[in-house]
Amino acid sequence: MDEVLLRRLTPGVLAVLVRRGADFAAAEDAVQDALVEAVRSWPDDPPRDPRGWLVTVAWRKFLDRARSDTARRRREHLVEEEPAPGPAPAADDTLQLYFLCAHPSLSPSSAVALTLRAVGGLTTRQIAAAYLVPEATMAQRISRAKRTVSGVRLDRPGDVATVLRVLYLVFNEGYSGDVDLAAEAIRLTRHLAAAVDHPEVAGLLALMLLHHARRPARTAPDGSLVPLAEQDRSRWDTGAIAEGVAVLQAALARDRLGEFQAQAAVAALHADAPTAGETDWPQIVEWYDELVRLTGSPVVRLNRAVAVGEADGPRAGLAALAELDPALPRHTAAAAYLHERDGDLAKAARLYAEAAHKASDLAERDHLTRRAARLNARPRR
Amino acid sequence: MAKYLLLKHYRGAPAAVNDIPMDRWTPEEISAHIRYMNEFAARLEETGEFVDGQALAPEGAWVRYDGEGRPPVTDGPFAETKDLIAGWMVIDVDGYDRAVELAGELSAAPGAGGRPIHEWLEVRPFLTAHPTVTE
């Protein structure tokens with residue numbers, strides 16, 4: 001049984017049912033039923049046209065359910081009608097599904113869950129494991145999300161930005177069960193990039209590829225974080241970097257800069273440096289200036305201050321940092337790092353310990369604690 | 001998405017508004033309280049925000065390692081322990097504001113006279129997984 005093939009086919013099958021006029025929630029249930037039947041019957045009797053088989057079986061399941069529902073409710077006209085004609089025939093069905101699953105009426109966590117289920121074809125159990133919640137809770141989250149978007153008409157293209165935010169969340173947050181969420185996010189973004197011509201979709205894909213490329217070097221065997229400057233760059237995935245850079249360059253050539261392209265440009269400059277010492281920090285600062293202009297985000301300003309510290313020296317970085325709200329996440333960690341670079345090790349050690357106390361994730365806290373411990377352990381004069 | 005622990009204390013929290021201990025409620029008031037708690041958990045399961053909830057017995061002991069080849073040392077229970085946890089609920093919500101909103105609802109559970117207890121609950125964020133993009 002080829003699970004990857006099944007999952008790749010899922011969104012397209014679902015989209016066909018929705019285009020034929022099936023209510024989204026009912027269509028999703030019918031596709032899940034068809035998948036269960038495929039898992040049961042394909043090993044002995046593999047279909048010649050898997051997608052056609054799934055569409056036929058899912059549509060039959062949908063009609064069966066609708067018929068029994070209507071028999072109960074005496075509303076037979078619903079299913080006797082021919083399938084409603086879809087929207088523009090040329091529109092990519094799957095693309096509409098992306099929009100639906102990232103609909104603004106959904107909370108971020110619901111949009112993430114629904115996207116992974118309906119577009120990604122993951123099971124509820126897999127999604128629950130990836131986010132460390134009970135399966136029953138995730139099942140409820142998904143079915144509520146389905147109900148929320150059930151009335152939405154798929155006749156107009158949605159906003160790509162909402163879809164990108166959801167895919168970014170899948171890539172960037174979450175724990176890990178047996179599903180690699182980052183790889184899944186890349187797969188979905190790659191598919192989206194093929195369906196819609198938009199430089200920011202390409203920008204997000206490039207960003208993901210460039211960060212994913214560093215993953216083998218990001219953690220030591222004991223699970224601790226390895227900061228960018230200390231990573232073994234020979235372990236970076238050069239294939240992913242080459243693809244990310246190519247995707248980014250094609251996007252930038254369109255001259256419609258956006259947040260994800262600018263973030264990817266920063267990642268590309270890091271990927272480009274053979275050693276940490278050869279990083280083009282002045283150019284990274286320029287990209288952060290673009291990002292500040294595009295987003296105005298205080299978190300971006302914080303990252304910019306650290307980059308300024310690398311480009312123009314720690315004093316300049318501390319001066320940039322001093323203009324920002326000290327309550328920003330990772331502000332103390334950035335200050336600790338810049339003071340360490342400036343040679344004020346006692347102050348750096350104190351700030352690292354304080355930053356560890358404020359850290360919101362475990363790996364970061366342990367990393368900051370280690371840095372404080374290393375400075376505290378140095379020979380005293 | 002963020003997980004929060006809502007902690008309920010037997011002792012150690014600031015005094016509740018309706019601070020009459022449970023053993024002086026009527027049996028109907030106790031039933032109403034338990035029903036409220038169960039319904040609250042069921043509602044969170046329906047919204048897809050429930051992770052776990054458990055109640056703890058007040059009795060417990062301190063335990064520590066006592067060296068190679070020796071059994072652990074136990075001590076207590078200490079009747080005077082300042083801070084005594086009664087139970088918890090873990091929720092998975094979109095953010096801090098929602099966690100506070102839900103803790104507020106939980107704190108409205110009815111007590112003596114069927115009136116809300118206005119009990120102080122402790123809200124603590126979980127440490128998260130490390131994000132992929134940090135720069």
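Colleague: Let's start in chain B. Which residue in β5(B) is the bridge partner of K3(B)?
Modeller: D92(B) is the bridge partner of K3(B). Keep in mind that this is a predicted model.

Colleague: How many bridges are there between β1 and β5 of chain B, and in which sense do the strands pair?
Modeller: Nine bridges, in the antiparallel sense. β1 of chain B covers residues 2–11, and β5 covers residues 84–93.

Colleague: What about β6(B): how many bridges join β1(B) to that strand?
Modeller: Four bridges, and these two strands run antiparallel. β6 of chain B spans residues 122–125. One pair to look at is L6(B) with its bridge partner V123(B).

Colleague: Now the interface. How many residues of chain A are in contact with chain B?
Modeller: 29 residues of chain A, and they meet 17 residues of chain B.

Colleague: Which helices of chain A each supply at least two residues to that side?
Modeller: α6 (108–119), α8 (135–149), α9 (160–172) and α20 (362–376). The largest share comes from α8(A), with six residues.

Colleague: And how do the residues on chain A's side divide by class?
Modeller: There are 14 nonpolar, nine polar and six charged residues on the side of chain A that touches chain B.

Colleague: Switching to domains. What does the assignment give for chain A?
Modeller: Domain 1 is 4–80, domain 2 is 88–179 and domain 3 is 197–272. Then come domain 4 at 280–328 and domain 5 at 342–381.

Colleague: How far apart are the C-alpha centres of domain 3 and domain 4 of chain A?
Modeller: They lie 19 Å apart. Eight residues of domain 3 of chain A are in contact with eight residues of domain 4 of chain A. Domain 3's side of that contact has five nonpolar, two polar and one charged residues.

Colleague: Last topic, backbone angles. What is the phi of D255(A)?
Modeller: Positive, about 60°, although D255(A) is not a glycine. D255(A) is in the loop between α13 (238–252) and α14 (259–272) of chain A.

Colleague: Is D255(A) buried or exposed, and why?
Modeller: D255(A) is exposed, because 7 other C-beta atoms lie within 10 Å, and 12 or fewer counts as exposed.

Colleague: Where is R330(A)?
Modeller: R330(A) is in the loop between α17 (314–322) and α18 (331–341) of chain A. R330(A) is not a glycine either, and its phi is positive, near 70°.

Colleague: Buried or exposed, that R330(A)?
Modeller: Buried: R330(A) has 20 other C-beta atoms within 10 Å, and 20 or more counts as buried.

Methods
Residues are numbered from 1 along each chain as its sequence is written. Chains are lettered from A and ligands numbered from 1 in the order in which they are written. This is a predicted model: local features need pLDDT of at least 70, side-chain atom pairs count only at pLDDT 80 or more; totals for chains, interfaces and linings use all residues. Two strands pair if DSSP finds at least two bridges between them. Two residues are in contact if their C-beta atoms, placed from the backbone, lie within 7 Å. Ala, Val, Leu, Ile, Met, Phe, Trp, Tyr, Cys and Pro count as nonpolar, Asp, Glu, Lys and Arg as charged, and the others, Gly among them, as polar. Domain bounds come from an automatic or database domain assignment.
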